[in-house]
Amino acid sequence: MENILTRIKQAVAADFHEILDKKEEKNPTVQLSQYIRQCEQQAKKIRELIEKQYQLKHDFTKEYHAAQAMADKRERQAKLAAEQGEAELAEQAQNEREQYQERADKIKAMMDKASSDLQELEKKYVQMKHKLKDLYVKKMEFAERENVAKAHRSMNEILKHKPEFEFATNKFNDLEGYIDRLERKVDADYRKMTLDAKLAELEKKSS
């Protein structure tokens with residue numbers, strides 16, 4: 001029994017989503033909203049990639065300074081060893097200096113490329129954000145036009161049913177006539193009551 005109910009529930013849910021999807025497919029406003037949401041999600045992922053690029057540039061810079069510092073250090077040490085007559089030590093220091101310098105040069109090339117790539121990414125990201133903002137504005141424009149069109153359509157629906165509109169107008173006229181008659185009756189009753197009271201007082205005094 002439970003399986004049958006579950007299958008019925010799933011079938012109803014599937015039909016409902018199918019109907020909803022078909023309805024949304026026919027609505028350009030919904031489609032545009034979905035597209036903008038997808039762009040927003042993509043923009044968020046792209047921002048994360050750019051942040052990662054900043055981190056890579058930072059890592060390259062850190063490694064470059066470390067390698068260059070060691071190259072400079074070995075150069076000073078090689079010079080000192082040579083001055084002290086330590087030819088073999090000076091040669092080892094010089095060899096290491098060359099290795100460090102070669103590494104520093106390679107890392108610097110990577111660092112410069114990472115910096116250049118980052119500038120290009122930032123430039124494109126700004127262009128993409130402007131395009132996305134243009135979509136927002138365009139969506140607002142369509143929403144305004146759709147709203148006006150719906151308002152006109154609703155008003156036209158009322159205006160084209162003239163007999164019903166005139167019926168309502170006549171009912172208002174009847175209501176206005178009824179209220180006028182009621183007000184006149186209230187005034188007349190008040191005047192009569194006042195006259196009766198005055199006459200009764202006069203009769204009382206004369207008796």
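Is R74 buried or exposed? In this predicted model, R74 lies in helix α2, which covers residues 28–83, and the residue is buried because its relative accessible area of 18% falls under the 20% limit. Leaving out residues up to four places away in sequence, R74 touches A93, E96, R97 and Y100. Just after α2, G85 adopts a positive phi of about 80°.

The largest nonpolar core comprises 5 residues, namely Y64, A67, A104, I107 and M111. The elements contributing two or more residues to this core are α2 and α3, the latter spanning residues 87–160, and α3 gives the most, with 3 residues. Within this set, I107 is in contact with F60, E63, Y64 and A67, when neighbours within four places in sequence are set aside. F60 is also contacted by A114, whose other partners, under the exclusion of neighbours within four places in sequence, are Q53 and K57. A114 is placed in helix α3 and counts as buried, because its relative accessibility is 5%. The C-alpha atoms of A114 and L56 are 7.5 Å apart in space, although the two residues are 58 apart in sequence.

Side chains of opposite charge can pair when their charged atoms come close, and a search of the whole structure finds 9 salt bridges. One of them joins the side chains of E122 and R47, with an N to O distance of 3.1 Å; this pair links distant parts of the chain, E122 in helix α3 and R47 in helix α2, 75 residues apart. R47, E51 and E122 are linked in a network of salt bridges. R47 counts as partly exposed, at 21% relative accessibility, and its charged end sits over the ring of Y125, 4.7 Å from the ring centre. Aromatic pairs, by contrast, number 0 in a search of the whole structure.

K150 forms a salt bridge with E146, the closest N and O atoms being 3.6 Å apart, and the two residues are separated by about one helical turn because they stand 4 residues apart in helix α3. K150 counts as partly exposed at 43% relative accessibility, and E146 counts as partly exposed at 27%.

Key. Residues numbered from 1 in each chain as written. Predicted model: local features only at pLDDT ≥ 70, side-chain atom pairs only at ≥ 80, totals over all residues. Heavy atoms only, no water. Buried < 20%, exposed > 50% of the residue type's maximum accessible area, 1.4 Å probe, protein only. Contact = heavy atoms within 4.5 Å. Core = buried A, V, L, I, M, F, W, Y, C linked by side-chain atoms within 4.5 Å. Phe/Tyr/Trp six-rings, centres within 6.5 Å; stacked < 30°, edge-to-face > 60°. Lys NZ or Arg CZ within 6 Å of the ring centre and 35° of its normal. Salt bridge = Lys/Arg side-chain N within 4 Å of Asp/Glu carboxyl O.
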